[in-house]
Each structure stands twice: as C-alpha cells, then as structure tokens.
Amino acid sequence: MAIQLPNPIDAPRVNGHAKSRPGVAELDPSRLNVTVTQSPKSIPPVETLKFGQTMTDHMLIASYDPEHGWSDPEIKPYGPICLDPASSCFQYSTNVFEGMKAYVGPDGEVRLFRPDLNMARMRRSAGRVALPPFDTDALLTLIQRLVQLESRWIPNIQGYSLYLRPTIIGTRPNLGVTASDHALLYVICSPAGPYFGAGSARQISLLANVDVVRSWPGGTGGYKLALNYAPTLKPQQSAELQGYNQVLWLLDGKVTEAGAMNFFAVVKQDENNWDVITPPLDGTILPGVTRDSCIALSAAHPSRTTLPHLPETLHLHAHERTLTMSDLKQWHAEGRLLEAFTVGTAVVVTGVGRIGYDRTDIVLPEHACGRGPVARALYERIVEIQEGKFEWEGWSVVCKTANA
Ligand code: COI
C-alpha cells in the first residue's frame, strides 16, 4: 500500500521554493560576508584520508530567528560553534543534514552532482521537524561560493571528491517540546576517497537484522534526519562483531535499506533481459540521489545510452518494487540473483558479496573489481558524469566562480 507522506512544509511558496515568514529576511547570497583564514591547513596525502575525518579551512554559516529571519550568511574559518545547552537540537534532535560532493574533472572545472535534489530534500527534511524554511536556490549559490573557495581541497583523482555536509539544527534555547523557531544552518567540507577505505575493491557483506527496524510506515525513514541514524549505531556494531560490514534493514521481511545506503538487486529473466530492482519510495526509504540516478541510467540502457562494458544486446529493466528476503533466497536458489549492490552519495555504488539471513549466507558471485557488471557500469558512468567526462541530462553542474 502506498503511504501518504506528510505535507513536507507548511510555508508560503514562491517559484516552488519555501519562503520564510512574510516580513522577515530571506537567506540572501548577495549579503554574504567572507573572512578568509590567515592560517590555511596543509592538505593531507590522499592515501591517508579516512571518510569524514579531515575538515577544510572554511565553513558557511547563517542563523535564523523569528524576528529577523535569516542573518547575513558568512563564510569564515572552520571552527567550533557555541550553543546553549538547552538548544532544541540537543534535547529533541532537530537536526537535518545532507550529503553532497564536489568533483574536479580533467578540465579543471569544479562540479556538483544533481545538487537541486539535495536542496529540495533538505527543505523537505527541515519541514518534517518544523525547522524554518529557506530558499533552496540561495543555499545552492552559497554552497557554490564555499566550494570555489575550498577547491584546492578537492583531490584531482578519480573516485575522490570533496564531501559537503549541509546541516540545519534547531537552536531554540527552551526545554518546552515545541517547534524550534531558532535555527543554525551551516555547511562543512571534508575531502573524501572511497568510503570503505582506499584499495577496498571488494564486495561488502550485509547482515539482515530481524530484531530492530530502521523505518516504518508513517515514520521518518524517507527524510534525512539525524535521528534516523542514532538507533542504527548499536545494530551496526553488532553486525560488525558477527563479521559483516553493514546491516541489511528489513521491515516485515521486506528489504528497506542497507546501512545508510539504498539497496539494489539484479535478477536475470534470460540472457538478454535483467531486472534491476530497488524498493519503492513508500516513506520507509530515503529518496537517494544516487538511487534515482541508478534507476534512470539502468532504464536508459541500451535504448538511450550504452553503459560501460555492458553489451547492447542486454536490456536492463529498472523496477521500484517490494523486495523480500524470500525473493532474494528464491532468486539465489534459482541461480537468477546475479548481483546485489548498495548506493549512496558517500559510497557511490558498492558491490555486495554476502547477505547473512536466518543463520545462513546468500553468497553472490565474486568479482575481481569488487562490483558485478551492472554495479560496475553504473559506478563508472556516474563517476564519469560527476567529473564532467560524460554529459547526461544536466546532472553535473559547474560551480559558478566567485564573481559570476
Ligand atoms: C551519504 O551517502 O551522504 C550519507 O548520507 C551516508 C552517510 C555518510 C551518512
């Protein structure tokens, strides 16, 4: 049954963008103040980068209060923020974030990948926890300014990028259980390589968790809220202790997500027809940008584009449909489960080698490069688009220069 998602935001809209309360200031890139650091950090060698560990020199920040609206945005040296201990974000988890990446391609241009989708999702997520609305175009312009300033941090190596973490937190300093009418919006940046470590061209293992769920009908699984992640940390530790890399999240036997990623299975109809299946956006699944891109690119092969290394005689059929553990077991028993893979901004596309369920493992074919043919084709094409080597439907957006 399709689940009705809550109205994402209760605010007036202009040109499709959520607006602040009438009479208060909008987020306004023309009022940006930039303070450049006097002590730039040295950039660590890429081999030493671990996901999310190194922060760049600057951050973008703006605050919201109900009287004035959005403050003048500021780019300033990266550093701690000072908050009242009673702040809504600490007490009631009014924390929303996004994951995006900036890439530099062989032409030296800096690009973002489908950033409009991140902005729209962030606005929806903020609305879900009653944080104030913001103009998505304005935030994207500000992010582009930050990325330009930090461009020396973007490794010019395939598979490496600058991970961006736009965040909005509720800062109302009051213990009453009420919407936070004060907020802080900030964006921090971290140079990133392969999420599971450099040289990890291997398939990951998943342990299906039958005891706890990540999301449920009418819940918040379809929004990028920090509160969705905290309860996954203990089950993740437990999966690791049992020898698996990530948790495969289920809901009544239906696959929802894997770790903090979307899940795909590739199932053979016959030699020339393969189904590429991912669970539908029924409110329990995060509408991932990479997920959407994998569906679109799969559906386009071979009629609109030929994905790397895949024959034109092979037809991929993309489906958003319920996927159960029984389906996976049956397809595996019939020899039709060709691949499973997980996708997300941080991981891009990662192959799955083994799924633990009901005390046995579903073992998938091993691939020397760590991805089966479909996962590899999608990974390579997405990276080509991200780095500006392959043009596809305007997905790759060149960052405007500071003067543009
Ligand atoms: C991402 O892929 O950006 C994610 O959100 C996953 C995780 C790093 C939180």
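## Exercises on a predicted model

Helix 5 is largely enclosed by the rest of the structure, because 9 of its 12 residues are buried (buried means under 20% relative accessible area with a 1.4 Å probe, protein chains only). Helices here are DSSP runs of H or I with at least four residues, strands are E runs of at least two, and both are numbered from the N terminus.

Before you start: this is a predicted model, where local features need pLDDT of at least 70, side-chain atom pairs count only at pLDDT 80 or more, and totals for chains, interfaces and linings use all residues. Residues are numbered from 1 along each chain as its sequence is written, and side-chain values use heavy atoms, with hydrogens and water left out.

**Exercise 1.** Find the buried residues of helix 5 and check its span.

- Step 1: go to residues 289-300, which make up helix 5.
- Step 2: pick out the buried ones: Val289, Thr290, Arg291, Ser293, Cys294, Ile295, Leu297, Ser298 and Ala300.
- Step 3: look into the loop between helix 5 and strand 17 (315-320), where Pro302 sits. The peptide bond from His301 to Pro302 is cis, with omega near 0°.

**Exercise 2.** Work out which polar atoms lie by the oxygen atoms of the ligand, and how much of the ligand the protein covers.

- Step 1: locate the ligand; the space it takes is the largest pocket.
- Step 2: list the residues around the ligand (a heavy atom within 4 Å). Among them are Phe51, Tyr163, Arg165 and Tyr229.
- Step 3: look for polar contacts, meaning N or O pairs within 3.5 Å. A side-chain N or O atom of Lys224 is 2.5 Å from a ligand oxygen. The backbone takes part too: a polar atom of Thr345 is at 3.2 Å, and an N or O atom of Ala346 is at 2.8 Å.
- Step 4: read off the cover. On its own the ligand has 280 Å² of accessible area, and the protein covers 90% of that (Shrake-Rupley method, 1.4 Å probe).

**Exercise 3.** Is Arg359 buried or exposed, and what is its phi?

- Step 1: find Arg359 in the loop between strand 19 (348-357) and strand 20 (360-363).
- Step 2: at 82% relative accessibility, Arg359 counts as exposed (the cut-off is over 50%).
- Step 3: phi of Arg359 is near 65°, a positive value in a residue other than glycine.

Note on methods
The expected span of a helix is 1.5 Å times one less than its number of residues. A residue is near a molecule or strand if one of its heavy atoms lies within 4 Å of it. A polar contact is a pair of N or O atoms within 3.5 Å; within protein, one must be able to donate a hydrogen and the other to accept it, and residues adjacent in sequence count only if both atoms are side-chain atoms. On a 1 Å grid over the protein atoms alone, a cavity is a set of points where a 1.4 Å probe fits but cannot get out, and a pocket is an open set with protein on both sides within 12 Å along at least five of seven lines; lining residues have an atom within 4 Å of a point. A molecule sits in a cavity or pocket if more than half of its atoms lie within 2 Å of its grid points.
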